[in-house]
Structures are given as C-alpha cells and as structure tokens.
Amino acid sequence: MNRLTTAWGTHDLTRFPEDPRDQLRAWDAADAYLLRHLAETGALPGTGDGALVVALDRWGALTTALAAHRPVQISDSHLARSATRANLARAGLGDPEAAGVRLLTTRDTPPERIDVLLVRVPKSLALLEDQLHRLAPALHSGTLVVGTGMVKEIHTSTLRLFERIVGPTRTSLAEQKARLIHATVARRDRPAPSPWPLRYELPDGIGPMSGRTVTNHAGIFCADRLDVGTRFFLGQLPVPAGPARVVDLGCGNGVVGTAVARTSPEAEIVFVDESHQAVASAEQTFRDNAPDPERGTFLVTDGLDDPAAVADSSVDLVLTNPPFHSHQAVTDATARRMFAGARRVLRPGGELWVVANRHLGHHRQLRRLFGNCATAASDPKFVVLRAVKG
C-alpha cells in the first residue's frame, strides 16, 4: 500500500489484486503532477453542467483523489476498475455510484458534454487515438483538457494526436520526470473518422486461420499485425476431441481460440481477458470465423481468479501467451496468477499450454505449481510449454 497526499486529502492506494509482495506503486509522479496542477490553478471548482472525465486512469489514483468532484472514469482495464473500487472503498466511498462517481469502460457511451477532460497517457498510442476520437464530440470551447504521463511515455506522436483530434497542444516543463499536456479545443465541422477497429487478413501458413480476417480494437497487443509468438503458437496448437471446453486466456483478438474452434467444431471456447477492447475484438473475430459462432463465451475478468466466471475443474484445455509487462514495469506477477487460475479451472488430466519468450523461465513456475512441465515445441526465441493437472 502506498500513500498519496493531495490538496483533496491523503489516500492509501493499491493496485489490484493487492499483493504484499508487489513493490509497484498505484500512482506515480505523473498522477501527482496533474493533481498538483489542478489544485494550484483552481480549475475544478469552475466546472459547469458537463462531466469531469478521467480517461485511462491506471489504478484509480486520479479518480479517488477527485471523488468529491463526481468524476466519470473511463477505463479499458478490468484490473484498473477493480483497483478504483477498492481505493474508493478505502477512502470511505463504498458505493461509487452512490458517491456520484461513474465507472465506464472504453466500450461504453461517453458523456454527452465534458467540461474537464483529464487523460492519463496510456502505453498504447492506438488506445489514446481511439479514446480521443470517442470523446472529442463531447468537448466544447470551454473544456479544460489536460493529459499527464512520464517523460518517457510522451512522444512527438502523442502530442500530434492531441493536436489533430482536440486542438492546439503544448507541454509543460518536466517535474520528477513527468510532464503535462495542455490542449485547447478547436471545433471542427467534420472531424476525421477514427481508424479503429482495424481489420486485416492473416498470412498463409499458420494453420486453420490462414488467410482469415481478424478484428482488432485499439489498445490490444500487436493490433496491426500477427505477433511472432502467437504465429509460432498457432503452428503447435493441440486439437481437442469432442465437446471439450477450452479457455483462450489473455485472448487478445481471439485468434488462438478461434483457430481451435475451426479444428475442433464441437469444442466450447471461453475467451478471457482483462481488457474490454480485447474481448470485443475476440468476439468479432470468433463470430466472423468460427464454424458455430454460438459456441463462444466472452468474459472480461481478472484471468481465471473468479470461480463465479469459470468454475473449478470445469475446463479441459487452457491456452495462453501471458504478458510480462504491467504498463511500463516488467513483472511476472500476471503470468503467475494466470497459471494458478488455469490449474484451478482444469479438470484432472486437463492441460495448460503456454507460449513465451525462452528467457522468461516459466517452466520453473509451472513445475512448482503442476509438478510437471514439458517442452512441446521451441525455436531460438520462443518455447511452448505443456503442464498437466494431476
């Protein structure tokens, strides 16, 4: 737990799920810089009839600090929304809606009028572009627009997006390696349309998805191309027999689970991701390519931690390409939770298949958890690991 002191109070904040071993903070200098700027300029008390929107708040630090101003948070991340709820509860606001705080996803309809727009610059430039396009119609000449991020996260391309979609843009001086982005709304009669979602045709030579079209909403991993790890995985996938239940864990655009559906038409495929953008992508990819589009289930949740989402011992096969970053930080915490969740939901004899960079050493964690781990395939960069639940 880490403490953030602002003009609106002091808050104990955590990431989600809370893990005492996790030394990563739930806020950083960019969050603190933006909050300090708002307090010093006195911008928020002058808001009118429109909403105060906090877009892409990472762990709810901004939303929690500004809760008295009844913000609308817009987030793609199930984990970020869960962290926000926990941090608001810790601040004495058990029910966000009752406290006037609205938690929306990037797939929800945004407010019709926005008087203040605060943007935490995301790792994905595409997600920033998509969300600025979605929010721009609600902005007006009096809207205060301020972005924030660490210096290493704000590039010329970031500023060009604000300039093109919102209006004239400038940056602040850096403080503690963080910067602010100030944009002035310029009304445009016919704003350029958003390029998202992006659809592209997969290459040949990758098995049952060769030449098929996939849908990619902004912000998912490798949204504009098939990443090399998934391409390698597609050539090694097992073919479950009969009405097996298969989980595509961390599904992204759903290409892996959809490939299994095409080789095993009796299988039920469960697509799981903590990103709303990813699950929307997977659902469209599956609907467009699966032999039976009704045999797919789509869940936005924290991996396989929730028994209410996927029951214990109910799955025959879990397939995953786990991430090893949390925003800018390198960590194996997400992969560890994914592996533990997979073991919980697998039936005895059920299998977990993992593709990963060889250097990550996931085989050690899998042996500790499952008591076994075999290499199903490898090349100089990637390895496919197979663990069986006893």
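## A guided tour of the model

Begin with a residue that may be selected at once: Cys373. With a relative accessible area of 15%, Cys373 is buried, because a residue counts as buried under 20%. Please bear in mind throughout that this is a predicted model.

**The whole chain**

Now display the entire protein as a cartoon. How many helices and strands does the secondary structure of the protein contain? The protein comes to 10 helices and 20 strands. Its radius of gyration is 22 Å, close to the 21 Å that the globule rule gives for 390 residues, so the protein is as compact as a globular protein of that length. Taken along the principal axes, the box filled by the C-alpha atoms is roughly 65 × 45 × 40 Å.

Of the 390 residues, 55% count as buried.

**The cysteines**

Select Cys251 and show its side chain. Is Cys251 buried or exposed? Cys251 has a relative accessible area of 7%, and it is therefore buried. A search of the whole structure finds 0 disulfides. The cysteine sulfur nearest to that of Cys251 belongs to Cys222, at 15 Å. A disulfide requires two cysteine sulfur atoms within 2.5 Å, so Cys251 is in no disulfide. In general terms, a disulfide is a covalent bond between the sulfur atoms of two cysteines.

**Two cis peptide bonds**

Move to Phe16 and Pro17. The peptide bond that joins Phe16 and Pro17 is cis, with omega at about -5°. Pro17 is found in the loop between strand E2 (9-13) and helix H1 (29-41).

Next, select Trp196 and Pro197. A cis peptide bond joins Trp196 and Pro197 as well, and here omega is about 0°. Pro197 has its place in the loop between E9 and E10.

**From Pro197 to His217**

Where does His217 lie? His217 is in the loop between strand E11 (213-216) and helix H6 (228-234). Leaving aside neighbours within four places in sequence, His217 is in contact with Trp196 and Pro197, and also with Arg107, Ala223, Gln277, Ala280 and Ser281. The relative accessible area of His217 is 11%, so His217 counts as buried.

**Val185, in the loop between E9 and E10**

Select Val185. Its place is in the loop between strand E9 (178-183) and strand E10 (198-201). Val185 is buried, with a relative accessible area of 11%. Which residues is Val185 in contact with, apart from neighbours within four places in sequence? These are Leu139, His140, Ser141, Thr143, Val145 and Val166. Now draw a distance from Val185 to Arg58, C-alpha to C-alpha: the two residues are 24 Å apart in space and 127 residues apart in sequence.

**Thr105, in a strand**

Thr105 is the next selection, and it belongs to strand E5 (residues 102-105). At 8% relative accessibility, Thr105 counts as buried. Apart from neighbours within four places in sequence, the residues in contact with Thr105 are Ile74, Ser75, Arg81 and His276.

Finally, select Leu56 and then Lys177. Leu56 has a positive phi of about 65° although it is not a glycine. Phi of Lys177, likewise a residue other than glycine, is positive and near 65°.

Leu56 lies in the loop between strand E3 (51-55) and helix H2 (61-65), and with a relative accessible area of 9% Leu56 is buried. Lys177 lies in the loop between strand E8 (169-171) and E9. Is Lys177 buried or exposed? The relative accessible area of Lys177 is 67%, which is over 50%, so Lys177 is exposed.

Methods:
Residues are numbered from 1 along each chain as its sequence is written. This is a predicted model: local features need pLDDT of at least 70, side-chain atom pairs count only at pLDDT 80 or more; totals for chains, interfaces and linings use all residues. Side-chain values use heavy atoms; hydrogens and water are left out. Buried means under 20% relative accessible area, exposed over 50%, partly exposed in between (1.4 Å probe, protein chains only). Helices (H or I, at least four residues) and strands (E, at least two) are DSSP runs, numbered from the N terminus. Contact means heavy atoms within 4.5 Å. The radius of gyration is taken over C-alpha atoms; the globule rule is 2.2 Å times the number of residues to the power 0.38.
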